[in-house]
Amino acid sequence: MSTPPRIGFVSLGCPKALVDSERILTRLRAEGYDVVGTYEDANLVVVNTCGFIDDAVHESLDAIGEALARNGKVIVTGCLGARPETITDRHPAVLKVTGAHAYEEVVQAVHEHLPPLHDPFVDLVPPQGIRLTPRHYAYLKISEGCNHRCTFCIIPSMRGDLASRPIGDVMLEAERLVKAGVKELLVISQDTSAYGADLKYATGFWGGKPVKAKFVDLARALGSLGIWVRMHYVYPYPHVDDVIPLMADGKILPYLDIPFQHGSPRVLKLMKRPAHAENTLERIHRWREMCP
């Protein structure tokens, strides 16, 4: 092949899956692969799936089928990959199935079925990597997985236990994004307010200064970058109260994306939601008073 190998990419599911897609594409682009927008122009297609609810499973299986019909060479990754038989029973012709955030395994599968044209050159991609969002905002994923075992949720079986990124790595990525022109960072994970618990809130370094791998400390550090910071997937543990003053001071946006799930302590207990005894309505009223 005398021209760069061409990759098609289908990214389904939540923003966390989108970040996974960005990382895979960044690596492939750095290795000289071209990313194209149609099945017909691609030499191979990667489908990043979602398997959270039945509709998402059907959408993922349909997308895999469409990619096979229109291209023929398909690698599957993502959450549905945790149940490979679901995929291969319906689509036995797929080249490879991997689970969520299996970046190296996906890239190796691409190498196997569509070898790169030449050795990687880092300057083929911008410092912030390949992004699938508009230039003015970006998702910043701070951890993978979740330690809770809620009765209704299959995320831990798909994405594993909580695995937080070192805070220095998170802040360096945030800095690169800001330098690239990003005006709003959307902080995401499966359990954002649990960030750093698995690391025992280890101290890292950013800008020559120590910073703890902890939800509030991360919010404070991101708030110093001079852009909008929006916190997603925040479970209302007691320490979440500590970020409200940062909102009142304009350091981060007065916004919390919180999966309350239900207002009844009895139902929350049956769901095995942590901290089900918290008086959530009272806390919301208190937050609003602190951050008018």
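Which residues does His-136 touch, not counting residues up to four places away in sequence? His-136 touches Gly-181, Val-182, Lys-183 and Glu-184, where contact means heavy atoms within 4.5 Å. The views below show a predicted model, in which local features need pLDDT of at least 70, side-chain atom pairs count only at pLDDT 80 or more, and totals for chains, interfaces and linings use all residues. Residues are numbered from 1 along each chain as its sequence is written, and side-chain values use heavy atoms, with hydrogens and water left out.

**View 1. The loop residue His-136 and its contacts.** His-136 is found in the loop between α4 (103–113) and β6 (137–141); helices (H or I, at least four residues) and strands (E, at least two) are DSSP runs, numbered from the N terminus. The C-alpha atoms of His-136 and Val-182 are separated by 4.5 Å, although these residues are 46 residues apart along the chain. His-136 is partly exposed, with a relative accessible area of 45%, given that buried means under 20% relative accessible area, exposed over 50% and partly exposed in between (1.4 Å probe, protein chains only).

View 2. Five bridges join β6 to β9 (residues 184–188), and Tyr-139 stands opposite Leu-186 in β9.

**View 3. The hairpin of β10 and β11.** Strands β10 (residues 203–206) and β11 (residues 209–212) run antiparallel and are joined by four bridges. Two residues lie between the strands of this hairpin, and Gly-207 in the turn has a positive phi of about 60 degrees. Trp-206 stands opposite Lys-209 in β11. Gly-204 and Trp-206 make up the covered face of β10, whereas Thr-203 and Phe-205 make up the uncovered one.

View 4. Five strands form an open sheet in the order β2-β1-β3-β4-β5, and the pairing is parallel. β2 (34–36) and β5 (96–97) stand at the edges, each with a single partner strand, so one side of each is left without a neighbour in the sheet. Helix α2 (residues 54–70) packs on the sheet, touching β1 (6–11), β3 and β4, and its direction makes about 180 degrees with that of β3. Helix α4 also packs on the sheet, touching β1, β3, β4 and β5, and its direction makes about 160 degrees with that of β3. Five bridges join β3 (residues 44–49) to β4 (residues 74–78), and Val-45 stands opposite Val-74 in β4.

Definitions and conventions: Pairing = 2+ DSSP bridges. Axes fitted to C-alpha atoms, helices over the stretch in contact; angles between N-to-C directions.
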